[in-house]
Amino acid sequence: MKHKMRLFFISSACILAALPAQAQNCQEVPDQTIKATINKSFTDLAGAVKSLDSDKYFSFFDKDRYTALNSDGTVTHSFDVFQNSFNQQFQYIKAYNELNFQNVKITVLDCKTAVLVNEYSAKITLQSNQSITAEGAGTQIWSKAKGDWKLVHVASSQKPAK
């Protein structure tokens, strides 16, 4: 029994010794500062979509760690697959006439991870001059790595057509 207790205390000491090192990697930043930074990135991301600037749009993603839950119930584990799919669809869009986000909430999990949820509505003109509308919701996981906040995961859903 003494042997097990000694292992427990040694294990506990190792875990506790590691905590200060992790804390040093994670500077104390107020949640409001993190939320403001992510909100600005989210606004810029939406602006890139609305202006059809795919290069700027893709700059918000962590290309090495990206995953997605797609609105059709499939998953994507590769940024390259996501980028190719996005570019194929993007070429059919002539203009975003409206792109609005409601119910946006950012939850800070720690100094390197935050979740953003939202509802959206969009009015789009296709290259064929057909107008379409889309409504739904999204979840984004933002992660701070190498000093920048990047998207590592996106999940989306669409409201049924009216």
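A: Gln127 counts as partly exposed because its relative accessible area is 46%. On this scale buried means under 20% relative accessible area, exposed means over 50%, and partly exposed lies in between (1.4 Å probe, protein chains only). The model is predicted, so local features need pLDDT of at least 70 and side-chain atom pairs count only at pLDDT 80 or more, while totals for chains, interfaces and linings use all residues. Residues are numbered from 1 along each chain as its sequence is written, and side-chain values use heavy atoms, with hydrogens and water left out.

Gln127 belongs to the loop between S4 and S5. Helices (H or I, at least four residues) and strands (E, at least two) are DSSP runs, numbered from the N terminus. Not counting residues up to four places away in sequence, Gln127 touches Gln91, Tyr92, Ile93 and Lys94; a contact here is a pair of heavy atoms within 4.5 Å. The side chain of Gln127 also comes to 3.2 Å from the backbone oxygen of Ile93. A polar contact is a pair of N or O atoms within 3.5 Å; within protein, one must be able to donate a hydrogen and the other to accept it, and residues adjacent in sequence count only if both atoms are side-chain atoms. From Gln127 to Ala95 the sequence separation is 32 residues, and the C-alpha to C-alpha distance is 8.2 Å.

The hairpin of S4 and S5 has 4 residues between the strands, and Asn129 in this hairpin takes a positive phi near 70°. S4 and S5 pair in the antiparallel sense over 13 bridges; two strands pair if DSSP finds at least two bridges between them. Within this pairing, Glu119 stands opposite Ala137 in S5.

S5 goes on to form another hairpin, with S6, which has 2 residues between the strands; Lys146 in that turn has a positive phi of about 55°. S5 and S6 are antiparallel over 10 bridges, and Ala145 has Asp148 in S6 as its bridge partner.

On the S3 side, S4 (residues 113–126) pairs with S3 in the antiparallel sense over 13 bridges. Lys105 and Val115 are 10 residues apart in sequence, with 8.1 Å between their C-alpha atoms.

In total 6 strands form an open sheet with mixed pairing, in the order S2-S1-S6-S5-S4-S3. S2 and S3 (93–110) are the edge strands, each pairing on one side only. Helix H2 (residues 31–50) packs on the sheet and touches S3, S4, S5 (131–145) and S6 (148–158); the direction of H2 makes about 165° with that of S3. Such angles run from 0 to 180 degrees between N-to-C directions, and the axes are lines fitted to C-alpha atoms, for helices over the stretch in contact.

Thr76 counts as buried because its relative accessibility is 10%. The side chain of Thr76 makes a polar contact with the side chain of Asn70 at 3.0 Å. Besides Asn70, the contacts of Thr76 beyond four places in sequence include Tyr66, Val81 and Phe82.

Phe82 is also among the residues with the most contacts inside the largest nonpolar core, which has 31 residues; others in that group include Ile38, Leu45, Tyr57 and Trp142. A nonpolar core is a set of buried Ala, Val, Leu, Ile, Met, Phe, Trp, Tyr and Cys residues joined through side-chain atoms within 4.5 Å. At least two residues of this core come from each of H2, H3 (54–58), H4 (79–90), S3, S4 and S6. H2 gives the largest share, 7 residues. Tyr57 touches Leu45, Ala48, Val49, Phe82 and Phe86, leaving aside its neighbours within four places in sequence.

For the whole protein, there are 4 helices and 6 strands, following the pattern α-α-α-β-β-α-β-β-β-β along the sequence. Of its 162 residues, 28% are buried.
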